[in-house]
Amino acid sequence: AMDAVKTLVEDLDTAKTSASADLEDSFEFYTEANYAANDWASLKNAKRDGIFDINKASTISEVNSAKTTALAAMDAVQSLAQELATAKTNAKSELTSALGVSTDYSAANWTAKTDAKSTGGSSIDSAADIAAVNSAKTTALNAMDAVKTLVEDLDTAKTSASADLED
């Protein structure tokens with residue numbers, strides 16, 4: 001009976017050692033230069049917390065759960081490239097949302113609006129960092145917003161006609 005207890009303890013210790021080594025090995029695939037400082041800290045904390053949880057586990061199932069949770073937490077930390085890709089996707093979605101519908105514009109103005117969106121999308125795609133993405137997005141949104149709708153064209157025409165009548 002004592003041998004069986006010893007084997008369970010040895011099995012648990014082996015599982016803990018193996019799971020901790022797996023976290024260390026996984027962490028080696030990450031490169032600090034690919035992460036913002038706060039994200040690199042989050043990655044290191046996820047590994048540290050995982051090893052802590054593995055070591056306090058009292059069953060092999062808890063060891064495996066702690067390892068899985070830590071690996072998922074590490075994987076969830078976005079690299080700079082992932083953050084940039086997300087920013088680009090979100091920025092282009094904002095341009096699409098701001099586009100409106102063609103029936104609200106004259107043909108010429110709709111072309112101007114879609115051209116501004118297209119130019120903005122290309123600028124966003126070529127942006128090297130998030131600040132450049134945001135700048136390109138703002139420039140495109142401003143250019144798109146400057147294109148007048150049919151209602152705005154009509155209001156401008158009415159104002160102009162009224163001014164002409166008053167002269």
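Of the 17 residues in the largest nonpolar core, those touching the most other members are Leu-23, Leu-43, Ile-54, Val-63 and Met-74. A nonpolar core is a set of buried Ala, Val, Leu, Ile, Met, Phe, Trp, Tyr and Cys residues joined through side-chain atoms within 4.5 Å; buried means under 20% relative accessible area, exposed over 50% and partly exposed in between (1.4 Å probe, protein chains only). Two or more residues of this core come from each of α1 (2–27), α2 and α3. Another core, of 15 residues, lies apart from it and includes Leu-84, Ala-87, Ala-91 and Leu-95.

The model is predicted: local features need pLDDT of at least 70, side-chain atom pairs count only at pLDDT 80 or more, and totals for chains, interfaces and linings use all residues. Residues are numbered from 1 along each chain as its sequence is written, and side-chain values use heavy atoms, with hydrogens and water left out.

The axes of α2 (residues 37–56) and α3 (residues 60–76) come within 8 Å and cross at roughly 175 degrees. The two helices are therefore roughly antiparallel, a term for angles over 145 degrees. Their contact (heavy atoms within 4.5 Å) is made by these residues:

| Helix | Contact residues |
|---|---|
| α2 | Leu-43, Ala-46, Lys-47, Gly-50, Asp-53, Ile-54 |
| α3 | Val-63, Ala-66, Lys-67, Ala-70, Ala-73, Met-74 |

By class, this contact has eight nonpolar, one polar and three charged residues.

Leu-43 touches Phe-27, Tyr-30, Tyr-35, Met-74 and Val-77, leaving aside residues up to four places away in sequence.

Glu-62 lies in α3 and, at 37% relative accessibility, counts as partly exposed. The C-alpha atoms of Glu-62 and Tyr-35 are separated by 30 Å.

Note on methods: Axes are lines fitted to C-alpha atoms, for helices over the stretch in contact, and angles run from 0 to 180 degrees between N-to-C directions. Helices (H or I, at least four residues) and strands (E, at least two) are DSSP runs, numbered from the N terminus. Angles under 35 degrees count as roughly parallel, over 145 as roughly antiparallel, 65 to 115 as roughly perpendicular and the rest as oblique. Ala, Val, Leu, Ile, Met, Phe, Trp, Tyr, Cys and Pro count as nonpolar, Asp, Glu, Lys and Arg as charged, and the others, Gly among them, as polar.
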